[in-house]
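Open the model in your viewer and colour it by secondary structure. The stops below say what to select next and what is there.

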Amino acid sequence: MKEHSWLCTFITQISLCFCVYLAFNMGDRTESSSRPVETYFMSVAGGFRPENEQTLLLKLMEKVAKVYKVQFVVSISELGENDPLGLNATWYFQSLKLPWYTTKSFKGQRPGSYLKHTKVQYGKTLDIVIVNTELFQGPSAGAIEHQLLWLMKTLEESTSDWRIVVGFHPLLACNGSTEAKDNPLCLHEMFLNHRVDAYLSGHACTEHVHKQSAKQPGNADQPGKGPCLTPIRRIFDQNKEKVNGLLLHRVSSLELVTYSINLEGDVAHKIELQQSGREAM
C-alpha cells in the first residue's frame, strides 16, 4: 500500500513539472508570436532597362520580397504607373503584387504629390512623402508654388517618428546662396527644419548631391543606376559607389537601416539612421 502511494506521488510530481514546463514554453511562444515585427519595404529606380538586366532585377526583388515579407515598393521613375519595371513585375511575379508607389500621381488624377503613412513597431509611424519633382522643372510658377506649399504643409503637419521624402530629381543644397530662392530643388534647408530623415532619389548620390549654384543643378536626365538614399543630416558625408540593384529598408522603432543590394544579391553597403539622433539635435 505504501509502495502504491509513493508511486502515485512520484507520478503526480512528474506530471506537475511537465505542466509547468509546458506552460512556460507556451508562454514564450505566445510572447514571441505577438511581438511586433520590423517593417520592410523596397525602393527601386524604374525606367527602361535591357531585358536581361530587368529580369535579374525582378527576380532579385521577388526573392527579397519573399524572404523579408516586404510590405510595399517605392518606384522612382518619370514614367509613373506606366513604368515597364512595375508593369512587368506585377504581371509575371506573383510575390511582387504589392502596393507600388511611384513618383508620379495615380493615373493623372492629381498633378502633385501624395503621402504614404505606415505603422511600425510599438505605435511608431513612418511618413513617406512622394513629390512629383518634374513639376519643379516646368514653366508654371503657380504649379511650383502650389507644390512647395503642399510639401511644407505636409511636413509641418506630420507627427510621424520617421520621415522620408521621395523625388525623381537629385536633391540640391544651396545653403546661403542668394540663388537658392530661385530654384525649388534647393530643399535641403526645408528638410532640416522639418526633421526629414532621408531623401530618396532616382540618381546616384555622389554625382548629384553637393553644394553648387542653384542655376547649375546637374544633369538630371543622365541615366543613373540608383536609387539613392541621402541622409539629410549627413548630406555631404558620403562616398558610396553607384549600385545597380535595389534598396531594402528596415524600419523599427529605434532605427532605419537601408541595404544597397546589387543584381548579384550582395549587400554593397548600408546606411544606418538612429531614432535617438533626433533628440540630440
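Helices (H or I, at least four residues) and strands (E, at least two) are DSSP runs, numbered from the N terminus. The model is predicted, so local features need pLDDT of at least 70 and side-chain atom pairs pLDDT 80 or more, while totals for chains, interfaces and linings use all residues. Residues are numbered from 1 along each chain as its sequence is written, and side-chain values use heavy atoms, with hydrogens and water left out.

**Helix α2**

Select residues 51-68, the 18 residues of α2. From first C-alpha to last, α2 reaches 26 Å, close to the 26 Å expected at 1.5 Å a residue; the expected span is 1.5 Å times one less than the number of residues.

Next, show the side chains of Gln54, Leu57, Leu58, Leu60, Met61, Glu62, Val64 and Ala65, the buried residues of α2. Buried means under 20% relative accessible area, exposed over 50% and partly exposed in between (1.4 Å probe, protein chains only). These buried residues pack against β1 (39-45), β2 (73-76), α3 (84-92), β3 (100-102), β9 (245-251) and β10 (255-262), where contact means heavy atoms within 4.5 Å.

**Strand β9**

Move to β9, where 7 of 7 residues are buried. Two strands pair if DSSP finds at least two bridges between them. β9 pairs with β1 in the antiparallel sense over 5 bridges, and with β10, also antiparallel, over 7 bridges. Centre on leucine 248: methionine 42 stands opposite it, and leucine 248 also stands opposite tyrosine 259 in β10. The hairpin from β9 to β10 passes through 3 residues.

**Strand β5**

Select residues 125-130; 6 of the 6 residues of β5 are buried. In a regular strand the side chains alternate between the two faces of the sheet. Here both faces are covered, with Thr125, Asp127 and Val129 on one side and Leu126, Ile128 and Ile130 on the other.

Which way does β4 (114-119) run relative to β5, parallel or antiparallel? The two strands are antiparallel, over 6 bridges, and lysine 119 is bridged to threonine 125. The hairpin between β4 and β5 has 5 residues, and tyrosine 122 in the turn has a positive phi of about 50°.
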